[in-house]
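Trainee: I have a new model open and would like a short walk through parts of it. Where do we start?
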Amino acid sequence: MNAEKTSAAQTFDYVIVGGGSAGCVLAARLTEDPAISVALFEAGPVDKSVLIHCPAGLAVLAKNGAANWAFHTVPQPGLGGRRGYQPRGKVLGGSSSVNAMIYIRGQRDDYDGWAAQGNAGWAWNDVLPYFKRTEHNERGADALHGSGGPLNVMDPRSPHRFGPIFVEAAKQAGHAGNADFNGARQEGIGVYQVTHRNGERFSAAKAYLTPNLGRPNLSVVTGAHTTRILIENGRAIGIEVRVDGATKIFLARCEVLLAAGALQSPQILMLSGIGPAAHLRERGIAVAHDLPGVGRNLHDHVDVVQVLDAPHLKDLFGLSLTGIVNVVKGIFEWRRHRRGLLTTNFGEAGGFIRSSPNEARPDLQFHFVIGKLVDHGRKTVFGHGYSCHVCLLQPKSRGSVTLASADPLAAPLIDPNFLAEPDDMARLVRGFKAMRHILSQPALAGHGARELATSANAKTDAEIEAFIRGHADTIYHPVGTCRMGSGPLDVVDAELRVHGVTGLRVVDASIMPSIVSGNTNAPTIMIAEKAADLIKAAARIPASSSAHTAQESAVTA
């Protein structure tokens, strides 16, 4: 970068890449100190679409690219050569603006496992205070729940009648009920709490960012695609961003905070020359720091859906004349009162079970959906019905994120390597049978729904396995690609600092050493809350303005 561009570059104390769940938390918490200046860069737009704020709008957001990166995987051998779909939020709030809004923390053993792998400060007792700090649970505070935090958590405002019916069917199948999956135990079946407030989605942007946009020490830039992190003498000193059709430089006096998510944080690191040296050279990228683990350890909750057709159950979501009339009525009710059909997140009920008595803890999760989800909802189908997901909570299969090219606007190569491990398939087959057993119980069966032939014809284990390979996909929880730890393939340390590069942290779901047992949004927000404290406890802004000037003049292209 020439001297003219250097002098024109804006400088902040902290530069945050990614305005998703983690980025919103970091921006809010760091700017609590008026002496700290922060710039937040988000590739997508402002979160103003009504489809974001109306909870049922997620059915549209998941399909289109208006607020969604809409990535695809490379062909998956474990899925019969199919390419999976990987929607990620491209908007302020990130995936918390397009997800199903289910509030789940995971299991104690998840976090104790992180600590046991050498990550001090990340055991359950360490992270619980951060979960509580994030939360305003409308049920009230207790030893395991918070009140007064930024993130509103509540029971569904206008629950659909079929959620409790699913819960009753699960009890008939021998599973315990559970009214609080974030309480003393996770195991059991019940109705999920959601990140809503007053009948609207309550994303990380609405919880953390929107209330603080007036702070003079916070700058938020949307439509800003970060192309690389600037590295000088082993230190991250800023970022290069494409915004308004131009390439601009923004400098960081203290740190660059990468919060672009499990698919794009490793991509940006590699575009910046931080990653596996051989791979970077293959793509024509100069190696700034050889860090072999960048992009490794990708894993996700692989999931399969059973769909039942019930054309006579007109109050379920579906494409029919009655269904259209119901939605129109729902629009008016939501606009006037923020209640009714459109306050649903579709997956209102579900729960956690063990695939066999030999499992030490729940290893399967259900999401019961009040509509027909053919191809995970990506195909529009006529009629009414309901569906049930089952996903594998602790998969053993591991994949990768790599670069397709040196073009920063090209999508990364995403390879979750689904079902590569035989044990993953064995447990998912057991999960499918457990799901079918629940759906066949009198509470549901009495309503006369019929399983679609695509899955109904799968009877034996071999037939169920074939169905899974032909229909399974993600339930949208990729993690692990910038793994936290001290091993040769780990990317960040227990304070989320990138190994071998100063002034750079990764703060998002990519740092998870192993995936949490449940939906990943609440844990990602917790990670960012803890990171904010780690950052605040680190070295403060340099006192000498001459030090800032010296650093800025050292920037090179």
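Mentor: With a definition: two strands pair if DSSP finds at least two bridges between them. Keep in mind that this is a predicted model.

Trainee: OK, which strand does S16 join, and over how many bridges?
Mentor: Strand S16, residues 296-298, is joined to strand S22, residues 399-402, by 2 bridges. The two run antiparallel.

Trainee: And what is the bridge partner of Leu-298 in S22?
Mentor: Gly-399 is the partner there.

Trainee: How many bridges link S22 and S23?
Mentor: S22 pairs with S23, residues 413-415, over 3 bridges, in the antiparallel sense. In that pairing, Asp-415 of S23 stands opposite Ser-400.

Trainee: Switching to helices. At what angle do H6 and H16 cross?
Mentor: Roughly 105 degrees, and the axes of H6 (residues 124-134) and H16 (residues 521-537) come within 9 Å. Angles of 65 to 115 degrees count as roughly perpendicular, so H6 is roughly perpendicular to H16.

Trainee: Which residues make the contact?
Mentor: Among them are Tyr-130 and Phe-131 of H6, and Ile-525 and Met-526 of H16. By class, this contact of H6 with H16 has 7 nonpolar, 1 polar and 4 charged residues.

Trainee: What about H12 and H15, how far apart are their axes?
Mentor: The axes of H12 (residues 422-439) and H15 (residues 461-471) are 10 Å apart, at an angle of about 100 degrees. That makes H12 roughly perpendicular to H15.

Trainee: Who is in that contact?
Mentor: The residues include Leu-428 and Phe-432 of H12, with Ile-464 and Phe-467 of H15. The contact of H12 with H15 divides into 7 nonpolar, no polar and 5 charged residues.

How values were computed
Residues numbered from 1 in each chain as written. Predicted model: local features only at pLDDT ≥ 70, side-chain atom pairs only at ≥ 80, totals over all residues. Heavy atoms only, no water. Helix = DSSP H or I, 4+ residues; strand = E, 2+ residues; numbered from the N terminus. Axes fitted to C-alpha atoms, helices over the stretch in contact; angles between N-to-C directions. Parallel < 35°, antiparallel > 145°, perpendicular 65-115°, else oblique. Contact = heavy atoms within 4.5 Å. Nonpolar A, V, L, I, M, F, W, Y, C, P; charged D, E, K, R; others polar.
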